Amino acid sequence: MAGVCFENVTKRFGNTIAVNNLNLEIPDKEFLVLVGPSGCGKSTVLRLLSGLEDVTEGTIYIGGQPVNNIPPRDRNIAMVFQSYALYPHMSVYDNMAFGLSLRHIPKLEIDQRVKEAARILNIEDLLKRKPRQLSGGQRQRVALGRAIVRQPVAFLLDEPLSNLDAKLRVQTRAELNKLHQRLGTTFIYVTHDQTEAMTMANRIAVLDKGILQQVGTPHDLYDKPDNIFVAGFIGSPAMNFFETVIVRKEDVTYLAAETFQVPVTGSKSSQAANYMGETVTLGIRPEDLYIKEYLPYGIPYNAAVKVKVEVIEMMGNELLLYVVTGRNHFLARVDPRTEVKPGEDIEILFNMNNMYIFDPATGKAIRA
Amino acid sequence: MRKIPLHIIIVIIMLVWMTPAFGLLVSSFRPSTAVAESGWWTAFQTPFQFTLDNYHAVLTQNGMLRSFFNSLIIAVPSTVIPIMIAAFAAFAFAWMKFPGRDIIFMFIVALIVIPIQSTMIPVLRMLADVKLVGTFPGIWLAHTAYGLPFAIFLLRNFFIVLPKDLMESAYLDGASNTRVFFRIVLPLSVPAIASLAIFQFLWVWNDLLVALVYLQDPAKAPMTVTINNLVSSFGTQWQLLTAAAFISMILPLVIFFALQRYFVEGITAGAVKG
């Protein structure tokens, strides 16, 4: 088993920089998720690691050894493709055994490994079938089985759940987590779905336009986003952003938006003072906005904003309120017992302990 | 219900097209006197006068049986060799990266438009220089060269639409290009290769000009050359000519009906995708 390291890795396709000076270390046995919007370079990173693409600059290490000049078949990594890439003319057994037969592993051992992987994945009764006779979920398990039998130092998974329906996706997420714990191998998982990232990862690496934005635990990325991109990408529904100016009134620092102003509390106050009179971006998550009647005990608030309700979405366990004040449209997740109607004027409470301030020029979070 | 008129029209057209060939077939089973005296449509009136003598005469007295085997000796290698070479070339053009790949492929495709007739004299000279004129290897080479551009074009266009993930998965599994070709690409390409085999086999089997120019040895003449000679020697003996023609059609018909599924797939599989 081995860790993986990207050292100043850049990949260019002509004039396009797909991966820009990536520095990322992935310890052995970690479940790391590469997440980002389409075209951010996350699949390219996976392909560079697998050897299917060559790096333009920099070095990739697997188990401490540089692998830039090592062909894909000799890197001892296994990949699960988004399309599963099962060989349609081979049975499930032959699909799983193919890689082992190429390496001249004895037939008895091949048989043992295939059957063991099939048992782990609960596909023992599918071994004689062809891929076209399998459902999407079964094909995905065969693709995983094909990777497991190789006993690689790292598993690379390129959006393996994207072809599954929502219910199966949720089920398979849990199964992949269990598989990771069972195998104890490094998993590097690519997805554009931040929910998958948050629920599966030991750590998440967020990419945008080929640049690593932040890497950390799901908790870190959610609570301490380094910049406005990560803040807006992690968390569903996404964080609300407001253009505000930092002002001071009667020894209190405020963030003044078009139609409201909210005080800056705690340590953020001293940081905000450095931007006095300047425009900054206020960020607050929908779940940190409340209706007064259902404000949970112990949640402080120090800002009440008058808004008009535009749209209401009943989710069962919560209510999503699309509201507007001035030119600011934003979203609040409130108690499902809230009784409001579209067009009604209400007050939304901001939990200012959980708000974020960003420098609009650089996008970086302003914090102590 | 709305398609019934269309089906009726199709059946009528089919009957019109088949009528001349059917007439020739009937004539091939009639004695010479009957053919001289009446039309083939009268053959179904009593007394019936069907005979196998025409086929017997053609096969035993005019070398048609030998020509049948000559046609096989020419057509089979002239089908297998270009397909093998084209498959290797097509895989390289579709999945391997090398300098000038696309330009070389365009050049090969451009060769399709060159008329065979314009190449015959130079090719004949080249074959003469290496003493292959009048030999089977010589004509195999000629048919291979003439068939390769289209074969490479067809197979490359088929190979290139195979999912890239399959190749990459095989590379990661440890396969070399050779293993990917034989274990992944070829098994998945059976429809395209079968349809190409039909195209090439039928083209070579029915060829007259290339055999006339490059073989020049009556002992090695294929059926097309032998039938061509029979036209002048038999003159108006339609019963013998039609028997000879249908003997030459037997094998292509068998191949076509056995593999017609691949023929239809092949038309849409490689030739029109790019």
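This is a predicted model: local features need pLDDT of at least 70, side-chain atom pairs count only at pLDDT 80 or more; totals for chains, interfaces and linings use all residues.
Me: How do you know that the span of α3(A) is close to the expected one?

Reply: Helix α3 of chain A runs over residues 107-121, which makes 15 residues. The expected span is 1.5 Å times one less than that number of residues. That gives 21 Å expected, and the helix reaches 21 Å from its first C-alpha to its last.

Me: Which residues of α3(A) are called buried, and why do they line one face of the helix?

Reply: A residue is called buried if 20 or more other C-beta atoms lie within 10 Å of its own. In α3(A), the buried residues are A:Ile110, A:Val114, A:Ala117, A:Ala118 and A:Leu121. Looking down the helix axis, these buried residues fall within an arc of 100°, so they line one face.

Me: And what lies on the other side of α3(A)?

Reply: There you will find A:Leu108, A:Glu109, A:Gln112 and A:Arg119, which are exposed.

Me: Turning to the sheet, what makes β15 and β18 of chain A edge strands?

Reply: The open sheet has five strands in the order β15-β19-β16-β17-β18 (chain A), with antiparallel pairing. Strands β15 (289-290) and β18 (328-334) each pair on one side only, and that makes them the edges.

Me: How do you know that β17 and β18 of chain A pair?

Reply: Pairing needs at least two bridges. Strand β17 (residues 319-325) and β18(A) share seven, in the antiparallel sense, so they count as paired. As an example, A:Val323 has A:Phe330 in β18(A) as its bridge partner.

Key: Residues are numbered from 1 along each chain as its sequence is written. Chains are lettered from A and ligands numbered from 1 in the order in which they are written. Helices (H or I, at least four residues) and strands (E, at least two) are DSSP runs, numbered from the N terminus. A residue is buried if 20 or more other C-beta atoms lie within 10 Å of its own, exposed if 12 or fewer, and partly exposed in between; C-beta atoms are placed from the backbone. The arc is that of the directions from the helix axis to the C-beta atoms.
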